[in-house]
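Please keep the coordinates open while reading.

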Amino acid sequence: VLTRGLRINSDSLYKLNLVKSSFKYYSSLANFRLINIDFTESERFTDTASYQIRYLDTHIKLTPSTPQSFTVELEGNTTSGKYGMASNFYYQNLNIFGGAEILNVKFKVELNNQDATISNSDNYFSETEYGITASLHFPNLISPFNTRDLYLRVFPKTSFSIGYNFRNNINYRKNIFSTTFGYDWRTKNLTHQFDLLEFNSVNLTNISLEYLSDLVNTNQFKEKYDHVIIGSSYSLTYNNQDIKKKRDFIYLRSKLEIAGNILTQLNKSTNADKLGAGEYFRSVYYSLDTNISPVLKEESVNAQVEELNSTRPGFYTLNSIPYAQFAKVELDFRYYQILNSNNQIVYRINPGLIIPYGNSYYSPQEKQFFLGGASSMRAWQSRTLGPGTFKDSLQVYQYGDIKLEMNLEYRFHMFWMIEGAV
């Protein structure tokens, strides 16, 4: 690992660009907090052509970073007299297998208080959410092709992640399994991230009849019930911050995500059959709990199935489960105005758009935009802001296909390790 990206070779001519490249390589490993490359003159002699030749000894000094660390975050929020709280635990190991592989583990717990009019429990928090994510970053490019030259130019990394999320409220219990495989690399002020494969599996249980009826009536049944998402994404981040200088800087991140295209082309090329919307509704309805199914008579179910089959197009499935097809683009621009070492003003605009097509009537909820929370409008709980003054007592959380978020924030140091923002 220590010599994989080393560009300084024995008995070679000194070249400044190779020294900078070697320094960049060690910096990219994130395993060292101090990196120093210096040279001392060892000997000097004159060759037969009367040219003076000097030899240099190279000294590479690497000070390791803390190999393992953990962080605990606590978050509290309140909206219209309703309180919520969350906790995040992070663990990091910078050398998990002895080859500079980085392991990151995140565990979160979130407790929210939905509108009291829909609560059916004596518990104050009417929704709970748990999640765990583990990611592994390899300091090399895992590929079946010869990528030696590419590696020495940008030092790309390979990343793999796996996660599970569970959410429980009055309307449903949702289980989400996700995994990604991709690459990331840096070029000067630019950071590239290409997720070659992203897979998400969504499973709903304990669905209330009211929620099920709402999904059918709003034509969102397929996108919010069991489904899978298989796609790819590419993001480009520009950041000209110089931590050694107290000056204004810009942060700009753009991301494009596409899902479902390859599966749809494969289904078309093999002339696969589409599943009717009504037939899918029937199979799901009769798989629900027995205390829900008898509510509607057989005639009503058949009528609903016939209407769905005649009014809505069929769709392809993956192992009898619908998959999503969409294109999503998002932009995040921030300008940091540094007033002094303790005060700064941040200007931000964050638009986004997601377009479902082909195999999807609507975009999947997991990929839709939302506002509120610690990284958005902090005065609102996550996913509870907008659209406008609209209020839905059944669909408590608000999502959308279009987002335009703008804010101006003044950040200042208060005391000790406490920072403030207005």
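## Charges over rings

In this predicted model, the charged end of lysine 274 sits over the ring of tyrosine 316, at 5.2 Å from the ring centre.

## Glycine 276 and its surroundings

Glycine 276 has its place in the loop that runs between α5 (261–269) and α6 (277–285). When residues up to four places away in sequence are left out, glycine 276 touches Asn309 and Gly314. Serine 310, which is 34 residues from glycine 276 in sequence, has its C-alpha 8.9 Å from the C-alpha of that glycine.

## Aromatic pairs

A pair of aromatic rings is described by the distance of the centres and the angle of the planes. With a limit of 6.5 Å between ring centres, the count for this model comes to 15 aromatic pairs. One of them joins tyrosine 14 and phenylalanine 39, whose rings are 5.2 Å apart centre to centre with 90 degrees between the planes, an edge-to-face geometry. Because tyrosine 14 lies in the segment before α1 (16–28) and phenylalanine 39 in strand β1 (residues 32–46), the pair ties together parts that are 25 residues apart in sequence. Tyrosine 14, at 46% relative accessibility, counts as partly exposed, and phenylalanine 39, at 26%, also counts as partly exposed.

Tyrosine 151 and phenylalanine 155 form another edge-to-face pair, with 5.7 Å between the centres and 80 degrees between the planes. Are these two residues, tyrosine 151 and phenylalanine 155, buried or exposed? Both tyrosine 151 and phenylalanine 155 are buried, and they belong to one aromatic cluster together with Tyr25, Tyr26 and Phe32.

## Strand pairing around β6

Strand β6 (residues 127–138) runs antiparallel to strand β5 (residues 102–112), and eleven bridges join the two. Within this part of the model, glutamate 110 stands opposite glutamate 129 of β6.

Strand β6 is also joined by eleven bridges to strand β7 (residues 157–168), again in an antiparallel arrangement. Here the bridge partner of alanine 134 is isoleucine 162, a residue of β7.

## Lysine 174, a buried charge

Why does lysine 174 count as buried? Lysine 174, found in strand β8 (residues 173–187), has a relative accessibility of 4% and therefore counts as buried, given that the cut-off for this class is under 20%.

The side chain of lysine 174 makes a polar contact with the side chain of glutamate 366, at 3.3 Å. Leaving aside residues up to four places away in sequence, lysine 174 touches Asn165, Phe166 and Arg167, then Val202, Asn203 and Leu204, and finally Gln365 and Glu366.

## The chain as a whole

The secondary structure of the protein chain comes to seven helices and 17 strands. Of its 422 residues, 39% count as buried, while the chain exposes about 24,400 Å², of which carbon and sulfur atoms supply 56%.

Among the contacts in the protein chain with a separation of 6 or more, 61% are accounted for by residues 24 or more positions apart.

How values were computed: Residues numbered from 1 in each chain as written. Predicted model: local features only at pLDDT ≥ 70, side-chain atom pairs only at ≥ 80, totals over all residues. Heavy atoms only, no water. Helix = DSSP H or I, 4+ residues; strand = E, 2+ residues; numbered from the N terminus. Contact = heavy atoms within 4.5 Å. Phe/Tyr/Trp six-rings, centres within 6.5 Å; stacked < 30°, edge-to-face > 60°. Buried < 20%, exposed > 50% of the residue type's maximum accessible area, 1.4 Å probe, protein only. Lys NZ or Arg CZ within 6 Å of the ring centre and 35° of its normal. Pairing = 2+ DSSP bridges. Polar contact = N/O pair within 3.5 Å; in protein donor to acceptor, adjacent residues only side chain to side chain. Areas by Shrake-Rupley, 256 points an atom, 1.4 Å probe, with all protein chains shown as cover.
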